[in-house]
Structures are given as structure tokens and as C-alpha cells.
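Please have the sequence and structure at hand while reading.

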Amino acid sequence: MVCANLILLNGKIATVDEQFAFVEAVAVVDGWIIDVGTTKEMNKYIGPQSKVIDLNGKLMLPGVHDAHMHGVHTGLALSTHFLDVSFPKVKSISDLQAVIETAVKNVPNGTWIMGMGWNEMLIKECMEEGRTPKKWDLDPVSPDHPVVINDYGAHRMVVNSKALEICGISSEIPDLKPEEGLIERIGDTKEPNGYLNEWGAQVLVWSYVPVLTEDEIESCILRMNKELNKYGITSHVDILGIGGNQLICGTWGEKSIAIYERLSREKKLTARVSVNLLAGLDGIQSYQTIIEGLRRTKLPKFRDRNWVKAETVKIFGDGGGWLRADNKIVEDHSRSTFPGTTNEEQEAEIIKTIIEVHRQGWQLGIHAIGGRTIDTIIKGYIQALQYYPREKPRHFIIHGDDMTLENAVDAGKFGIGMSVQSIAAHTIMDFMKMRFEQSRGEELFSWREYQEKGVNIANGSDSNIFSLNWLQGVQFAVTRKTINGYSYRSDLASSLEDAIRMYTLNGAKQEHLETVRGSIEIGKVADFQILDQDIFLVKPENIAEAKVLMTIVDGKIVYEK
């Protein structure tokens, strides 16, 4: 009889298999599950070198897969010098100034001050005046330090006058093309007011900010891994590539891919990673920039795709949302991130890009918030699958805020998935619903209905934008109650089992790795988490209070509370 390296006994173990069965015990050899069953059955694998963990009736689940996050960027945000200016820390301009002023006092003149998290809908003066933060909000406390602060979603930034001066962004600089971004001006003048929108505009600033060294990126990855493990997360997505080389200190750039692979070979990673390639050169999204970016992309040779792989192309279809024409609430329906003076021209460019990237053999994951973007992407995916058929590419929509049941029917039929963030819905649904008529706004994020139409829904955090606490995301999915205590269409809530699947098995399916991870079954990797509370027994509104006691990756304990 083989002796197991690791045996976990006397637990309530949710396997998340097809039947969502529960067992008592699991046996592991060299990071792989060799048997599951009762404690009595697993006792036979105990040998002199076996590590035995008595779960004492605690709940054990598969490790979480965070299906959409920015890993290296999260590691940067966890560093001491990266400012957190999110709510409730920043509720007013004076709060924002206080955070910046404290940072300024601790570094020499000329040092870049960086941070992220502001939300104009939660800053008193911005709400009252109907605006975003501007350079004059930052200048009084930072005359000699360039300051760059992204909003909570990372697509927008505000910089101070010193940063504008260093980057040469003045009244002389011409307006950008719509697909590149926006340099906002003061009234009818040409003078920039410090607010910039989208990646083409942000590159004008980030290209002057020092890029992280290889050692600094390694520190970000290891720091981020530890934080993931605290939340029971054992695998995740990261968004990296040639198109991010000049974004956010290079934390979105291609250099990190090779560092992930090196750390994997050195057995330093404690979370597996699937890289979504950001190919659009300089962050700009168009057929030309994306296809050329893919042509220039050079990937390392991956030793073990269960640890590091890069098989997906990430595209930004919109920023804040390209809305459908029938939306009567919001006058500005915005636009896509792609070139074109008309909606039809933009749609054609997106679909052309989708078809070519698909033809080259990549999986696609496309950021889409607005309804028109979602409609266009689904149309493009279907055309690509019909022009160039192949087995289960599992293209997916990232976010999909304004998804409809009609979209879901098409997505289910053609194997198109979703990568959603219920932690984001918990945080911003109160604001999102204001963009839609009453009935439509209340039915947003109806993941249960989409799954019933056959859509594979994987869940994640979008960290460092939202919290890594996946249990908060589960709580919203099963209650549909927001951070402000408002509840929307509780009849559309997901079951607890389906909410857990979104963070485990469904994430593995999105990665084409469901035979390897995502559930606790024989022949899969030993990635587990043990909770201090049984979330199957607590009230749904208390699920997020549960804490992770232990996280195990590849049969090894990587976190213990």
C-alpha cells in the first residue's frame, strides 16, 4: 500500500464535483490527490513520513481561482509607498490631500508619488460639483513632487501640475484620437486640468515614471502570492504583455511573464498563474496594434502549464461602458476603445480583430461593461467560431455588467463564458443601476439565469481594484445585497453551490484545466482551503465573516492563520 505525503481527516470536505458531494478525508502524494472518502478509508495511507492534519469537523473546499485580477499590480499596491486613496479612507478632497501630504513628507523632492482608488461618486466636493479630482486638488500639498493617482478602476488618472510639467503635457500638446484616450482641458482653453482617461493618455505619464526592476517585480509577485493565500486563493489570472510595458511602472508589462516562469522553476510560487496577454501596443486597442503586438510577443518556454501559462489574449472592448442606443437614462452612450467615427465602424474593427486573433489559435478574454460592447463581442465570437471552427476555445467576456438573457442564450449555445466579479457588484451596483431604467437596473448581474442558459461563469476580484475576499463575493451572489445594505431582486440570487463553483471549478474550466484542478477529486492537484466557519450552516448575510484557517497548494501548507 502506498503511503501518502499528506492526509486530511475528520473534515466536512466539499469536493465540488459534479454531484457536489461531501467526504471526510483526502490522501495526497507529491501534490496530487490519490483518494477521497471516509476517515477510516484514508487511514490506510498513513505511513511513518505522512503528515496528518485532523480537520476536527472544519469545512474544507478546493482552493479558489481568481479568474480576473492584476497580480503584479496588486503586489505593487501592497507595498508601503503605494497610496490607498479609496473610500472610506478618502471621502473628501481634504482626505485626499492628507494622504498625499503624508507621503510627500517622507521622500525627497522630485520623487514620484503614486496611488490608486479614488471614486468621484464617493468624494464630497466631486459629488456636489459633478466632477472628478483635478490638478488643483493635488497641487497645494505637492508642489515639488510629481503625483499620479489612478481611480478605483485604473482606467482614469489625475496628476498634479508638477507631473504635467515633467511629462510635457501642456496646452501645446494636441488632442488624442478617441480610441487613444482623453486629455481633459480647462473650459474652452487648451490647458490640461490634470485628468486623463484611458491607456493612450496614461502612457504619456507612465512612460516618465521609473519602471520596476526585475528584483522589484519578483518582490511584488511573492508579496501578492502571500496575500492571495490568506484568502484561500491558490491560482489566478494576471494581465501582462507588450502593451503594458509602459503602464503602471511596468507592472502590466511582458517582463513579468518570464519572472513568473523563473519563480515557478525555482519553486517559489505559492499560487498558479494564467497570463492574459495585453497585446495592444502602448495600451491602444485596434486591429493594427493588437495583431502587431502579438507578432512581437516572445514568450518563455513554460515548464508546467499547471503553474504558469499564457494562452489567452486580453482586449479592452470599452472603458466605462459603450451603451446600447435604447438606454434612455444616460445621454452619453460613450464609445468603444477601438477606432471608428461611427458605432458601425468601431463594431467592424472589433469583430475583425476578434476573428484574426481567434484564427491564430488564441483564446480571447474581452473587457466589456456596456451593452453595445457585449452585443458586438458575442457577434464577433460567433463569426470567428463559424469562419474558423475549432474545439472549445472558450472565449469569454470580462465583467459583462450589461449582459442580457438574449446575450446569455447566444453565449451558452456557442460556448462563450463570462469572467465576472461579484465583489465589484457588491461595491458598485448601487451606482451601476442609476445608468438603467428601474427594471433593467435591478436585474443586473443575474448570474444564476445566465448559468441556466449554459454560460460558464468564473468569478474573481479584479484586484487591486476590489477586495480579494472571495467570500464577500459569494455573499453578494447568494443575497444580492450591496455594501450599502440595499438588496436587488433576491429572486435572482445564485445558490451557494453555484456561487462556490464560480470561484473553483468554473474558473478551472475557463482555463481549460478542469481535469487538473477546481474540485477535490482523484487525479487532481492538492489545492485546498480550510475555513473557520461552515458557510453551509451560517446565515447567507454572514458568509463573508468566515476566515481562512489554512491554505494548501500542491500538497504543501502555504498559509496558516
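The crossing of H8 and H9 is right-handed, that is, the near helix is turned clockwise from the far one, whereas a left-handed crossing is anticlockwise by less than a right angle. The model is predicted: local features need pLDDT of at least 70, side-chain atom pairs count only at pLDDT 80 or more, and totals for chains, interfaces and linings use all residues. Residues are numbered from 1 along each chain as its sequence is written, and side-chain values use heavy atoms, leaving out hydrogens and water.

**Helix packing**
- H8 spans residues 214-230 and H9 residues 255-265; they pack at an angle of about 60 degrees with axes 10 Å apart.
- Axes are lines fitted to C-alpha atoms, for helices over the stretch in contact, and angles run from 0 to 180 degrees between N-to-C directions.
- Helices (H or I, at least four residues) and strands (E, at least two) are DSSP runs, numbered from the N terminus.
- In contact (heavy atoms within 4.5 Å) are Glu214, Ile217, Glu218, Ile221, Leu222 and Met224 of H8 with Lys255, Ser256, Ile259, Tyr260, Arg262 and Leu263 of H9.
- By class, this contact of H8 with H9 has seven nonpolar, one polar and four charged residues.
- Nonpolar means Ala, Val, Leu, Ile, Met, Phe, Trp, Tyr, Cys and Pro; charged means Asp, Glu, Lys and Arg; the others, Gly among them, are polar.

**Domains**
- The assignment, automatic or from a database, gives domain 1 (6-64 + 525-560), domain 2 (87-151 + 156-197) and domain 3 (214-519).
- The C-alpha centres of domain 1 and domain 2 lie 47 Å apart.

**Cavities**
- On a 1 Å grid over the protein atoms alone, a cavity is a set of points where a 1.4 Å probe fits but cannot get out; lining residues have an atom within 4 Å of a point.
- Grid points are joined across faces, edges and corners, and a volume is the space filled by probe spheres set on the points.
- The whole structure has two cavities of 30 Å³ or more.
- The largest cavity holds about 90 Å³, and its lining draws at least three residues from each of domain 1 and domain 3.
- The second largest cavity, of about 50 Å³, has a lining that includes Ile233, Trp470 and Tyr503.

**Second largest pocket**
- A pocket is an open set with protein on both sides within 12 Å along at least five of seven lines.
- The second largest pocket holds about 850 Å³.
- Domain 2 and domain 3 both give residues to its lining, so the pocket lies between them.
- H14 supplies the largest share of the lining, five residues.
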